[in-house]
Each structure stands twice: as C-alpha cells, then as structure tokens.
Amino acid sequence: MTDFDLDLRDAEAELGDLPSDQVVLGVLDGETPADEWIQAVRQGNILVLSVEGDLNTLAAGFAREVKDMGGELMHFREFLVVTPAEIQINTDRL
C-alpha cells in the first residue's frame, strides 16, 4: 500500500473553514456586528433576519460587501433574506 501524509492534528482546525450551509435566523437590530453577518454568509449560510428598525441603516455595514461577494439581499415583508453567491433567491412566485 502507498503511504500518504495525513496530519490529523491539523484536520480539526481546517474544518472550521468549510461552508456550513445552514439557514440562520436572527434579528437585525444593530446589536450584532456587521462582520458576524458577513462571516456567516461567507461560510455559505442563508440569513433570514427580522428587521427591527430602519433597514438601510441596519444593513449598511454588510450589504455592499455581501453584494461584492456575489450574494443577494431581498427585503420580504418584515425580513431581510441574505444568500451567498452560490444560492439565488427565486422571486417567481411573488
């Protein structure tokens, strides 16, 4: 059999960089730092955020960066839906 180099000591640290592909429910009220929302989207998560306040002000810290990463933002009723680049928001049924 062929030997190969597998370092299991570093494997766990590398797992933290893998996309998580979760739907994250949260509240967009200014308490969560914009960097946390950006990181969640960067990891492959979909955000469904209940907007409590002025949407433009609350999303200003992360909306441009999400769009620059290829993600989408959609305001739907009282929620902001944010998706990473690989997931498109389908509005055909609206």
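Colleague: Angles between axes run from 0 to 180 degrees between N-to-C directions. On that basis, at what angle does α2 run to β2?

Modeller: In this predicted model, α2 runs at about 150 degrees to β2 and lies across β1, β2 and β4.

Colleague: What is the order of the strands in the sheet?

Modeller: The sheet is open and has four strands in the order β1-β2-β4-β3, with mixed pairing. On average, neighbouring strands are turned by 20 degrees against each other, direction ignored.

Colleague: Which way do β1 and β2 run, parallel or antiparallel?

Modeller: Strands β1 (residues 23-28) and β2 (residues 46-51) run parallel and are joined by six bridges. Within this pair, Val27 is opposite Ser50 of β2. Between the two strands the chain passes through helix α2 (residues 34-42), and the β-α-β crossover is right-handed.

Colleague: And how many bridges join β2 to β4?

Modeller: Four bridges join them, and these strands run antiparallel. Leu47 stands opposite Val82 in β4. On the other pairing of the sheet, β3 and β4 are antiparallel over five bridges, and Phe76 has Phe79 in β4 as its bridge partner.

Colleague: Back to the helix. Which residues of α2 are buried?

Modeller: They are Trp37, Ile38, Ala40 and Val41. Viewed down the axis of α2, these buried residues fall within an arc of 160 degrees, so they line one face of the helix.

Colleague: What covers them?

Modeller: The cover of the buried residues of α2 includes β1, β2, β4 and helix α4 (63-68).

Colleague: What follows α2?

Modeller: Gly44 follows α2, and the phi of Gly44 is positive, near 95 degrees.

Colleague: A change of topic: Thr83. Where does Thr83 sit, and is the residue buried or exposed?

Modeller: Thr83 belongs to strand β4. Its relative accessibility is 3%, and buried means under 20%, so Thr83 counts as buried.

Colleague: What does the side chain of Thr83 reach?

Modeller: The Thr83 side chain reaches the backbone oxygen of Ile87 at 2.9 Å.

Colleague: Leaving aside neighbours within four places in sequence, with which residues is Thr83 in contact?

Modeller: With those neighbours set aside, the contacts of Thr83 are Val41, Ile46, Val66, Gly71, Glu72 and Ile89. Of these, Val41 is one of the buried residues of α2.

Note on methods:
Residues numbered from 1 in each chain as written. Predicted model: local features only at pLDDT ≥ 70, side-chain atom pairs only at ≥ 80, totals over all residues. Heavy atoms only, no water. Pairing = 2+ DSSP bridges. Right-handed = clockwise from strand over helix to strand, strands pointing away. Buried < 20%, exposed > 50% of the residue type's maximum accessible area, 1.4 Å probe, protein only. Arc of directions from axis to C-beta. Contact = heavy atoms within 4.5 Å. Polar contact = N/O pair within 3.5 Å; in protein donor to acceptor, adjacent residues only side chain to side chain.
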